[in-house]
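Please open the model in your viewer and keep the selection tool at hand. The tour below goes from strand to sheet, then to a helix and the core.

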Amino acid sequence: MSTIVIEVPSVLATTLKGQRRLEVPMPRDPTVRGLLHELDARYPLFARRVRDERGDVRRYVNIFIGQDNIRDLDGLESIIREGQGVLIMQSVAGG
């Protein structure tokens, strides 16, 4: 079974039990939506930080497949291929 490597910054790692890097099985639906659905089931706090109540990616969260932002691809319907990494970043504001 193939896996997807997911990386997150430390600000999101707290919602993934301290993990900054995860290897998860390729979901049946090999899209970003399918991947997030799988993660939502395992990590509900992560789900609330990354997606809004409609299930859309929050505006301050960026998801990359390789070096491509899913906003420049097909959004949640962007396909993740075997061997591609996914980076999920949350903007942090401060002053």
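## A strand inside the fold

Begin by selecting β3, where 4 of the 5 residues are buried, so this strand is largely enclosed by the rest of the structure. Here buried means under 20% relative accessible area, exposed means over 50%, and partly exposed lies in between, with a 1.4 Å probe and protein chains only. Helices (H or I, at least four residues) and strands (E, at least two) are DSSP runs, numbered from the N terminus. What you see is a predicted model, in which local features need pLDDT of at least 70 and side-chain atom pairs count only at pLDDT 80 or more, while totals for chains, interfaces and linings use all residues. Residues are numbered from 1 along each chain as its sequence is written, and side-chain values use heavy atoms, with hydrogens and water left out.

## Partners of the strand

Now select β4, which runs antiparallel to β3 and is joined to it by 2 bridges. These two strands form a hairpin with 2 residues between them, and Gly66 in the turn has a positive phi of about 65°. Is Asn69 buried or exposed? Asn69 counts as buried because its relative accessibility is 13%.

Show the whole sheet next: it is open, has 5 strands in the order β2-β1-β5-β3-β4, and its pairing is mixed. At the edges stand β2 and β4, each with a single partner strand, so one side of each is left without a neighbour in the sheet.

## The helix across the sheet and the core

Turn now to α2, which lies across β1, β2, β3 and β5 and runs at about 105° to β2; axes are lines fitted to C-alpha atoms, for helices over the stretch in contact, and angles run from 0 to 180 degrees between N-to-C directions. Its buried residues include Leu35, Leu36 and Leu39.

Finally, select Ile6, Leu36, Leu39, Phe46, Ile63 and Ile88, which have the most contacts inside the largest nonpolar core, a set of 25 residues. Such a core is a set of buried Ala, Val, Leu, Ile, Met, Phe, Trp, Tyr and Cys residues joined through side-chain atoms within 4.5 Å. The largest share of this core, 4 residues, comes from α2.

Notes
Two strands pair if DSSP finds at least two bridges between them. Contact means heavy atoms within 4.5 Å.
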